[in-house]
Amino acid sequence: MAEHFAYFPHTEKDINEMLERISLSSLEDLYSDVPSDFIYKGEYDLPEAMSEEELRRFFGELAKKSPKKKVFVGQGAYDHYTPSVIEYICSRSEFLTAYTPYQAEISQGTLRYIFEYQSMICELTGMDVSNASMYDGATAAAEAMRLCVSSCRGRNRVLVSESLLPNIVETLKTYAHFAGIELAFISVEDGETSHSALEGMLGTDVAGVIVPSVNRFGVVEDHEGFSALIHEAGAYMVEYCDPSTLAVVKTPGEWGADVAVGDGQSLGIPLCYGGPYVGFMACRSELMRKLPGRVVGQTLDKEGRRAYVLTLQAREQHIRREKATSNICSNQSLMALWVTVYLSLMGPRGMKRVNDLSFEGAHLLKKELLETGLFEDVLSDKPFIKEFVLKPLCDVTALQESLCDAGYFAALQTAEGYVTFCVTEKYTEDDIKGLVEVVKSLK
Amino acid sequence: MSKIIPGLLYSESHEWVKVDGGVAIIGVTDYAQSELGDITYVDMPQKGDEVTKEGELGALESVKTAADLISPVSGTVVATNNQVEDDPSLINSDPYTNWIVKVEMSDVKELDSLLSAAAYENIL
Amino acid sequence: MKYYDKLVLELSQSGRTGFSLRKAHSEVQLPENLKRKTALNLPEVSEPDVVRHYTNLSQMNFGVDTGFYPLGSCTMKYNPKINEELARVPEFTGAHPLMHSEGLEEVYRLADKYLAAITGMSHFTFQPCAGAHGELTGLMLMRAYHESRGDEKRKRIIVPDSAHGTNPASAAMCGLDVVVVKSGENGLVDVESLMPLLGDDLAGIMLTNPNTLGLFERDIKEIASLVHDCGGLLYYDGANMNPLLGVVRPGDMGFDIMHLNLHKTFSTPHGGGGPGSGPVGVNEKLAGLLPTIRTSGFHGNTGVIIKALAYILSLGREHIRLAGKLATLNANYIKESLRDSYLLPIDSVCKHEFVFDGLREPNGVTTLDVAKRLLDYGFHAPTIYFPLLFHQTIMIEPTETESKETMDGFIEVMEKIAREAKEDPEILKTAPHNTPVSRPDETLAARRPILRWTPES
């Protein structure tokens with residue numbers, strides 16, 4: 001046998017004893033029912049096995065090729081501060097190495113934090129019921145699109161605002177294409193979803209409408225009259241939101257929406273190049289049984305003790321198969337824990353503070369950037385929290401490169417040719433002034 | 001021993017039918033409720049829905065399983081049992097008194113292909 | 001495990017704080033009609049109380065690090081800790097997805113290269129965040145392939161009756177009509193039953209190999225040519241890849257598209273139900289279609305992919321050769337050791353998992369009772385009542401990271417339970433006795449759903 005591997009406990013003695021028990025003479029005999037030409041004979045095209053120190057060195061080299069930057073871009077992934085407690089709790093092996101809580105009696109830890117998560121998502125969004133999590137905001141939006149169509153008999157069309165982030169729109173298009181759902185896009189007017197365009201597009205074939213609460217320009221949209229219009233046309237209203245901003249911005253519940261979706265990444269989950277994040281979906285109680293994904297419910301055990309279980313499983317794939325509300329099995333459970341611990345630490349005052357500091361920083365940055373004379377204000381009368389766009393009056397590539405060289409990731413370009421910035425509570429006035437200095441050097 | 005009521009008509013998918021003029025009153029048999037276990041939810045059709053014989057009329061859910069309610073006749077849904085909708089356990093406690101859906105039949109002759117109580121007992 | 005009955009929302013006291021942020025000089029200003037008016041009832045708890053609460057919750061949980069977790073089809077192997085350390089490197093966790101990151105791009109390039117080498121496929125997409133997500137993405141690629149060749153009518157897909165529920169569910173989400181092929185007496189796909197299902201409107205077939213009974217589909221060559229001959233594609237559900245790790249490559253068996261579960265075969269932790277990662281691999285024929293399908297927001301679960309890459313590098317070309325074999329050895333060892341007490345419906349050499357159909361002498365004791373009693377002895381129960389081909393199914397998958405002593409301990413307890421069934425069935429029917437809660441009322445939970453906390457509840 002080759003040089004021993006720390007994760008394989010088997011000694012030669014173990015292997016021989018086990019082979020004897022099963023009446024076989026070699027490990028290869030275990031595959032005698034496999035056509036012999038399928039047994040891979042050569043050496044796998046992999047490097048030599050690395051020890052832990054070699055791994056540390058290897059990944060250390062990769063890290064050097066990706067120096068850390070001060071992140072001043074949002075666009076669906078926000079560099080909010082992560083409290084120290086969260087990592088500590090989420091790496092407890094009873095949470096980290098556990099499986100889906102099918103055996104409720106030894107999974108009350110997982111089940112209870114999911115119940116807490118569901119409760120807090122309802123609080124943030126103003127909805128009645130939440131599921132146990134989805135993969136990310138984009139796929140949660142796609143599932144909401146499917147929910148509208150399956151809940152609205154005979155209707156196959158969903159209206160989607162062009163002010164949603166492009167990666168979400170692309171994901172919706174992919175899911176819609178293969179599911180045979182028709183999408184139509186509501187145009188943007190003056191930096192937000194056009195009320196009049198929406199009105200013109202509603203009809204007896206529309207099952208749902210998806211609009212962002214805070215859109216890709218960072219603008220807090222005004223959805224006055226939307227839910228009345230949409231409901232009168234017999235359709236469902238889906239709000240795509242950034243949960244961090246829901247502490248201060250009107251909630252989907254307050255807007256009269258039927259479903260709220262989005263990504264919980266802004267609730268203290270590190271950027272991590274895009275994942276793992278956590279999609280959420282919450283809805284009004286009438287739609288409870290249409291919710292995709294797992295759901296945890298409260299009950300009593302045989303001794304009358306409060307206990308939690310996965311419930312309403314009859315909607316799910318392992319029971320309903322092709323008639324299930326969705327194919328989703330594993331979700332992003334540990335990230336739901338992450339978000340739950342975050343919200344427990346932050347509380348209502350912490351959430352307000354995050355938004356106050358972000359608001360302060362973003363408005364300061366915008367003012368200073370405009371003062372450089374290298375940008376023009378667009379959407380000047382539209383309210384924003386932490387993210388905004390400007391029209392560049394300078395060479396964008398040069399701007400991006402200078403910022404990158406100085407250690408900033410900022411001024412990402414949008415489809416319209418704007419540049420986008422985002423400031424969170426993680427960045428100080430010094431960080432902001434530093435960025436502005438780099439911009440000024442382009443003059 | 002599974003309970004079967006004489007005088008009703010039965011389908012192979014374990015629904016029973018009581019004929020009331022031109023209306024078929026539909027429920028599920030004792031065998032069905034026992035196989036499903038504790039019924040937790042009934043997915044009802046809506047009044048006015050058109051159904052075809054052997055088409056889906058709705059569904060019954062229990063904790064670990066779900067089963068489609070197959071319509072024994074074609075026609076239009078004229079009523080659904082609100083009591084059963086509020087308390088699905090009624091189907092478990094008395095599957096024959098607690099009907100689920102009433103369908104106004106479009107073709108009474110379809111009843112001829114359903115099973116008698118004796119014939120249903122044979123297939124169990 | 002001790003019963004701890006609190007929810008963090010119940011620990012809340014107005015005025016307490018658990019956060020640590022500098023002061024703001026001003027507040028958010030918004031037009032009145034855009035402001036949140038409803039109170040935000042999140043918990044107000046101090047940091048020490050939050051830590052204590054979640055620590056206590058964790059102590060009512062059982063993970064792979066706690067004990068043996070023989071869940072069939074889940075591959076609960078050891079989760080290496082070095083991988084956790086590497087995924088936490090600040091340059092990785094601090095990278096914005098839209099940022100250029102040479103190091104992370106290299107991670108993806110290497111993961112693609114090595115997974116291709118291990119599976120015999122050409123290239124992978126890492127967007128899918130879980131196995132089911134991978135299935136959906138893979139089926140979308142299947143449809144995209146037929147569409148790109150103007151073959152619009154291929155809307156049917158064959159799925160075995162033993163398939164995991166995600167297979168037909170994914171097919172339905174992708175606009176495909178599911179056609180079920182029966183398994184024969186030997187638990188394998190029945191080729192005779194397959195033939196009438198072929199046709200020029202067939203998109204393809206989804207197969208798990210070994211299947212959900214842990215048996216290798218030995219007619220795979222014939223099945224592959226039958227499906228390819230009528231113009232369909234072969235999809236490989238990689239949930240059961242573990243026994244083939246270092247032994248067989250799905251690409252060599254004729255599969256065109258496949259997904260892997262990194263949180264199964266590639267050792268990344270299950271996290272209580274996620275995050276996982278379900279990369280989808282395709283052969284040369286479909287490689288050009290990969291960039292055309294977007295099924296998630298950014299690049300997939302990067303943190304998980306880093307861990308899987310580290311695992312592959314620690315296995316290297318030397319140790320990978322033993323991974324699948326040891327997993328298969330372990331499964332057969334347990335099977336042969338317990339066959340006298342438990343009913344073995346299919347008596348052949350299995351791969352990484354196998355099924356029993358309940359106790360040989362049940363005496364009224366069900367598989368559920370056996371599973372619950374195992375919890376009393378400090379083991380996680382195996383998978384129960386899946387697949388649906390038998391009535392009292394117990395599916396056991398030990399994985400290759402379990403020692404002979406651990407398995408001997410499990411075997412001893414399973415035999416004890418078989419004896420208890422004969423001598424004292426009541427103790428099984430009322431199990432578990434040593435856990436914080438016992439036999440929660442699932443009927444009540446489904447009939448009267450309480451899905452969130454409210455102050456009154």
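**Cis prolines, helices and contacts**

Tutor: C:Pro432 sits in the loop between helix 13 (425-429) and helix 14 (442-447) of chain C. Helices (H or I, at least four residues) and strands (E, at least two) are DSSP runs, numbered from the N terminus. This is a predicted model: local features need pLDDT of at least 70, side-chain atom pairs count only at pLDDT 80 or more, and totals for chains, interfaces and linings use all residues. Residues are numbered from 1 along each chain as its sequence is written, and chains are lettered from A and ligands numbered from 1 in the order in which they are written.

Student: Is the peptide bond from C:Ala431 to C:Pro432 cis or trans?
Tutor: Cis, with omega near 5 degrees. A cis peptide bond also joins C:Asn209 and C:Pro210, with omega about 5 degrees.

Student: Where is C:Pro210?
Tutor: In the loop between strand 4 (202-207) and helix 8 (220-229) of chain C.

Student: What about phi at C:Ser73?
Tutor: Positive, about 75 degrees, although C:Ser73 is not a glycine. C:Ser73 belongs to the loop between helix 1 and helix 2 (81-87) of chain C.

Student: Is C:Ser73 buried or exposed?
Tutor: Buried, because 21 other C-beta atoms lie within 10 Å. The cut-offs: buried is 20 or more other C-beta atoms within 10 Å of its own, exposed is 12 or fewer, partly exposed is in between, with C-beta atoms placed from the backbone.

Student: And A:Asp190, buried or exposed?
Tutor: Exposed, with 10 C-beta neighbours inside 10 Å. A:Asp190 has a positive phi of about 55 degrees, and is not a glycine either. Its place is the loop between strand 5 (188-189) and strand 6 (192-193) of chain A.

Student: Back to helix 1 of chain C. Which residues are buried?
Tutor: C:Val50, C:His53, C:Tyr54, C:Leu57 and C:Ser58. Down the axis of helix 1 of chain C, the buried residues fall within an arc of 135 degrees, so they line one face. The arc is that of the directions from the helix axis to the C-beta atoms.

Student: What do they pack against?
Tutor: Helix 3 (84-90), helix 4 (93-96), helix 5 (108-125) and helix 12 (333-371) of chain A.

Student: How many residues are in contact between chain A and chain C?
Tutor: 162 residues of chain A are in contact with 168 residues of chain C. Contact means C-beta atoms, placed from the backbone, within 7 Å. Helix 12 gives the most to chain A's side, with 21 residues. By class, that side has 85 nonpolar, 41 polar and 36 charged residues. Ala, Val, Leu, Ile, Met, Phe, Trp, Tyr, Cys and Pro count as nonpolar, Asp, Glu, Lys and Arg as charged, and the others, Gly among them, as polar.

Student: What does C:Thr17 touch?
Tutor: Leaving aside neighbours within four places in sequence, C:Thr17 is in contact with A:Gly347, A:Arg349, A:Gly350 and C:Glu44. C:Thr17 lies in the segment before helix 1 of chain C. C:Thr17 is partly exposed, with 17 other C-beta atoms within 10 Å.

Student: Last topic. Which domains does chain A have?
Tutor: Domain 1 (70-81 + 347-440) and domain 2 (84-341). The bounds come from an automatic or database domain assignment. Their centres, taken over C-alpha atoms, are 28 Å apart.

Notes
Contact = placed C-beta atoms within 7 Å.
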